[in-house]
Amino acid sequence: MSKLICLGIESTAHTFGIGITDSEGNVLSDDRSAYRAPEGMGIIPSDAAKHHAEVSEKILDSALKKSKINLEEINLISYSAGPGLPPCLLAGSNFADKLSSKNKKPLVPVNHCIAHIEIGRLKTGCKDPVVVYLSGGNTQIIAFTEGRYRIFGETQDIPVGNAMDTLARKIGLKQPYGPNFDLTANKGKYTKLPYVVKGMDLSFSGMLTEAVKKFKAGSVKEDICYSFQENSFSMITEVAERALAHTDKSEILMVGGVAASKRMQEMIKIMCEERGAKMFVVPKEFAGDNGSMIAWIGLLTYNSGKIKEIDGKINPKWRTDEVDIPWLTQK
Ligand code: FE2
C-alpha cells in the first residue's frame, strides 16, 4: 500500500488542534490552541467554539508550514465527530467539511476516544493492553475483545479530570489546574473522603461534594488535594487491576490528559509490578487532546475501508464500544 498522509482536526472541548500524520505512523506536524475559561469558571461551550473558529485558519497554516508539505499532498482529512461538546464538535466538523470539499479530499469522521487509544499504542509500541483512559471528559477502563474496544469500567457521573478541575476552582487554585493540583497535593496529608467503586464502575461526584464541604469547614487545600488524588487514583487502580485479571492481558496503557499525572503513574506501576504486567504511558505531547491522534485514526479507518457515515456530521455521545476496530484481530 502506498504511503498516505492525513490531516486530522481535533475540537471536542478546550483544544482546537491540527496534526498531520502519515500511514507509517510518523507525525509530520502538530499544532494546537486551547481555549481558557475565565478564571474560576468551567468551560463555556459556545465561547470555546468561537475560539476554535477564530484560530482554525492560523493553526492550519502553521501545521502545514511545520510539516513542510502543502494541502495538495494531503490524501485525506479526518475530524473528531464525538464524543464531545456539540458547539465545539460543530466548529471542527464545519472546518473539516469546508477544507475537504474545497480541496476535494475524502473526509473521515472519527471517534475521539479510539484516537486516544490508538495514538497510545502507536507511540508506546504496546500490543493488546488494558487501557486506562483518564481525562477531563472521560474516565474509562477499556480492553479490546471481539472486534471492539469494550468498556470494562467507567465513571457513573463526572470524569476524574473534570472532578479535579472543579475541585481546583472551588478551593481557589489557579490555572492550569492539572499541574497546580499536583503541586498542592504534594504538600498534603490524608483526610478521609468517600471511596466509591461499584462493581467495575467509579463515582467521583460524592467525593467532590465531600471535599468541598471539608474545605469550607476548615481543611487546608493541600490535604484536600492530596486526599482526593489518593482516593480517586486508588479507585482507578483497583478497577484497572480487576480488568487485567478478567481479561488475562499483560499490558496497561495509560492515555488522556490525566495519564500525565506522576502519582497516577506511580500507583499503576506498583500494581503492574505486583501482577507481572507491563505499564506503558502515552508520551506527554500526545496525552492531551491533539490533531495527530485524529489524523492517525483517520488513516487506520480509511485503510480499513469502513468509514462511518454520521447524520449531521457529529455524534456528541458516540461511545468507545460503538466503533468497529477492523485493524485489530483477536489473539
Ligand atoms: Fe480527549
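**Overall shape**

Reply: With 331 residues, a compact globule would have a radius of gyration near 20 Å, and the chain has 20 Å, which agrees; this radius is taken over C-alpha atoms, and the globule rule is 2.2 Å times the number of residues to the power 0.38. Please keep in mind that this is a predicted model, where local features need pLDDT of at least 70 and side-chain atom pairs count only at pLDDT 80 or more, while totals for chains, interfaces and linings use all residues. Residues are numbered from 1 along each chain as its sequence is written, and side-chain values use heavy atoms, with hydrogens and water left out.

Me: OK, and how many helices and strands does the chain have?

Reply: The chain has nine helices and twelve strands, where helices (H or I, at least four residues) and strands (E, at least two) are DSSP runs numbered from the N terminus.

Me: What share of the residues counts as buried?

Reply: Of the 331 residues, 54% count as buried, and here buried means under 20% relative accessible area, exposed means over 50%, and partly exposed is in between, using a 1.4 Å probe and protein chains only.

Me: Switching to aromatics, how many aromatic pairs are there?

Reply: The count comes to three aromatic pairs, given that rings of Phe, Tyr and Trp (its six-membered ring) pair if their centres lie within 6.5 Å, with planes under 30 degrees apart counted as stacked, over 60 as edge-to-face and the rest as tilted. One of them joins Phe 144 and Tyr 149, edge-to-face, at 5.7 Å centre to centre with 70 degrees between the planes. Phe 144 is buried at a relative accessible area of 4%, and Tyr 149 is buried too, at 1%.

Me: Why is the pair of Phe 181 and Phe 228 edge-to-face?

Reply: Their ring planes stand at 65 degrees, with the centres 6.3 Å apart, so the pair is edge-to-face. This pair links distant parts of the chain, since Phe 181 sits in helix α5 (residues 177-185) and Phe 228 in helix α7 (residues 221-247), 47 residues apart. Phe 181 counts as buried at 1% relative accessibility, and Phe 228 does so at 0%.

Me: Now the backbone: which residues does a cis peptide bond join, with omega about -5 degrees?

Reply: That bond joins Gly 82 and Pro 83, and Pro 83 lies in the loop between β4 (76-82) and α2. A cis bond also joins Gln 175 and Pro 176, with omega about 0 degrees, and Pro 176 is found in the loop between α4 (160-170) and α5. Most residues other than glycine have a negative phi, and most peptide bonds are trans.

Me: Where does Glu 146 lie, and is Glu 146 buried or exposed?

Reply: Glu 146 lies in the loop between β7 (139-145) and β8 (148-154), and at 65% relative accessibility it counts as exposed. Its phi is near 50 degrees, a positive value in a residue other than glycine. Asp 248 also has a positive phi, near 60 degrees; Asp 248 lies in the loop between α7 and β11 (251-255) and is exposed, with a relative accessible area of 66%.

Me: Last one, what does Ser 93 touch?

Reply: Not counting residues up to four places away in sequence, Ser 93 touches Tyr 79, Lys 313 and Ile 314, where contact means heavy atoms within 4.5 Å. Ser 93 is found in helix α2 (residues 86-103) and is buried, with a relative accessible area of 2%.
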